[in-house]
Amino acid sequence: MAVSISERGALELRRIMKEQNSEDLFLRMSLKGGGCSGFNYFLDFAKEPGNFDLTFESNGLRIVIDKKSHLFMNGTVLDFNDGLIDRGFRFNNPMAKTSCGCGTSFGM
Amino acid sequence: MSVIVGIDLGTTNSLVSICQDGVPVVLTDKEGNGMLPSVVTYTKDSVLVGNEAKKQFLEYPDRTIYSVKRLFGKSYSDIKNSSIGLPFQIGGDNSKLSIRAGDKELQPFEVSAQVLAKLKSIAEKALGKPVEKAVITVPAWFDDTQRNETRYAARLANLEVVRILNEPTAAALAYGLDTKQTGKIAVYDLGGGTFDVSILDLCDGVFQVLSTNGDTALGGDDMDQALVDWMIKKAGPDLILDAESRIAMKFAAEQIKIRLSDKDEVEVKLDFAAKNLNLQTVLGREEFETLINPLIQRTLTSCQRALRDSGLELSDITSVVLVGGATRVPAIRKAVKEFFGKSPFTGINPDEVVALGAAVQALVLAGGRRDVLLLDVIPLSLGIETLGGAVTKILLRNTTIPVSATEEFTTSVDNQTAITVHVLQGERELVEDCRSLSRFKVKDLPPMPAGLPRLQVSFTVDENGVLSVKAVETRSSQSASVEIFPSIGLSMEAVDKIVEESIDHAMDDFELRMLVELRNKAERIIVATDRVWQKAQSLMGKEEMTDLEKTLNETKAALKRGEKDKELMQNLVDRLGDLTRPLADKIFTSATEDVLVGKSVAEI
């Protein structure tokens, strides 16, 4: 299994990366305790994978995720909602049992 | 391979250290003391060293020798006209100097040899094997004679000196600055009785001393003296000023100074009726800072001179390192930071930093490889303790530095007048599984209901890897902050182990974390329901109230027994949510009615 990025997600990410001149970077996905449903998703750019990181490629983008976060995010698809309301990235995580309205945190 | 220890042979205190698994540590005696007072007492038939000797000071003032480092390389004619202020007898001529201790006549290095021998024995006991070689540190301004005298002392103590190392260089090594290959480093060393500032040039990983400056009669003791003078003024003219009252005040002064390092004000209470010394007042940190400001300014003048002599500009300085116990005083840190325009390194215990650096040098000389943490990313996540013993990470592992992040928190108890911020490092979810870095308080908050305070906590890691944590309660503008060097004492191996553990425990930690969150949620609902219980009686049906009460009691019991079944807690919280939702709706509606009833539409 893996984590991946939807087509719309990749489109938006590529736009941001171009804007920030960071097209050669990896997208880092991770998870941290806190938030309304227990855990928060987290996005960042990274120069290179570290120890304990897994790497994936999806829709032309390189993703790194640390092994611990991957345990809870396996199968997650990063999507982007480009509607006028609730615009932003969404994590569609098949492992999450509950998630909050904002879609950036979840519980299992 | 033979063992090489690092030794900080200090004027006031000495330490011995070694690298264990690539990380330098100070070795301690069987009582756990790492600092050995550089004091030797020569009684009729024995020699006492360290704390044992210090205790003899009042009984044998003429046989108890200390501060001999100041006499290294000096002849009697060098010092006879200066007020070096040592109570034991010193004699000699233009070429040499001797100290009289009872019926013995000694040279300064012979006294230091006793201190070194004691350190050797502490190290041998701690390591369980013989120690024959050492790296010994000396002030950067020590000349050849003084360095040689240090060698003689070591030889007499049966220690082979593998290297004489400059103290500021040792401090820079302790912080791993040598790994940066190049740089210009200022080392500000304020000890008990002496102040040294050195400017170092680091080129291809090798340090060179560009300049030194300082004051051999300026240190933490002078801050204590400034406080004593203040006390004398406060005590009034009736005070009987003699050795006894001076000692009492000096002791109090040191305590006040230490307490003011993390308190904004301290109560000063001195009751010494026999000397008409009755003082009951409060000293604020600001007033203390005014008292010691002249001393701080003198150190800055030295810094200015050292910088001038080095031929560098302020902007050339790449790192600033603090050494010496007195640099714990916040006003000093602030002054140094302002002078050099840079946050100084403060993460390592300033009393130990030189000894630890000597151990690093010893390791390198022994052919060992030092584990150095790459400082371009955060090696382990940083966060704070939140309700229920959970850790909320603010900066995640692997984030590129410099970096800054802010999160907002609030209280869970009504009328809290202080909030403790507990800074933690690690990958696990619970406080007990992470490393505690620091604890500080935001104080003097006006009483507010739980949930109303807005505590903004910012974590900033600068290019040196120094973490500053600042917490501001934005409604009252009360704030507090702390600076830490989180990578100290961590080897790459240790970091890997911590991360591996967090992966191994990920599932359990996740469950525990969820459980903590559920418990917190349950507590919140209980408190909120209790608050509106009276009102609820009139708004809700009898049956609804009975159901609610039953579920509340069940939840309270579960919390009390520390229920560990996540599903069960989830079920209770869900049920409480379902039962209290209609109540919340009704309270909201009735509150709106209370405001609206009796008013015309125009008034609304």
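Visitor: Which residues in helix 6 of chain B meet helix 8 of chain B?

Guide: In this predicted model, where local features need pLDDT of at least 70, side-chain atom pairs count only at pLDDT 80 or more, and totals for chains, interfaces and linings use all residues, Asp222(B), Met223(B), Ala226(B), Leu227(B) and Trp230(B) of helix 6 meet Leu291(B), Ile292(B) and Leu295(B) of helix 8. Residues are numbered from 1 along each chain as its sequence is written, while chains are lettered from A and ligands numbered from 1 in the order in which they are written. Contact requires C-beta atoms, placed from the backbone, within 7 Å, and helices (H or I, at least four residues) and strands (E, at least two) are DSSP runs, numbered from the N terminus.

Visitor: And at what angle do helix 6 and helix 8 of chain B pack?

Guide: Helix 6 (residues 220-235) and helix 8 (residues 285-310) of chain B pack at about 140°, with axes 9 Å apart, the axes being lines fitted to C-alpha atoms, for helices over the stretch in contact, and angles running from 0 to 180 degrees between N-to-C directions. That makes helix 6 of chain B oblique to helix 8 of chain B (under 35 degrees is roughly parallel, over 145 roughly antiparallel, 65 to 115 roughly perpendicular, and the rest oblique).

Visitor: Switching to the sheet, what is the strand order in the open sheet of 3 strands?

Guide: The order is 6-5-7 in chain B, with antiparallel pairing, where pairing takes at least two DSSP bridges between two strands. Strand 6 (47-49) and strand 7 (64-66) of chain B are the edge strands, each pairing on one side only.

Visitor: How many bridges join strand 5 to strand 7 of chain B?

Guide: Strand 5 (residues 39-42) of chain B is joined to strand 7 of chain B by 3 bridges, and Thr41(B) has Thr64(B) as its bridge partner in strand 7.

Technical notes: Contact = placed C-beta atoms within 7 Å.
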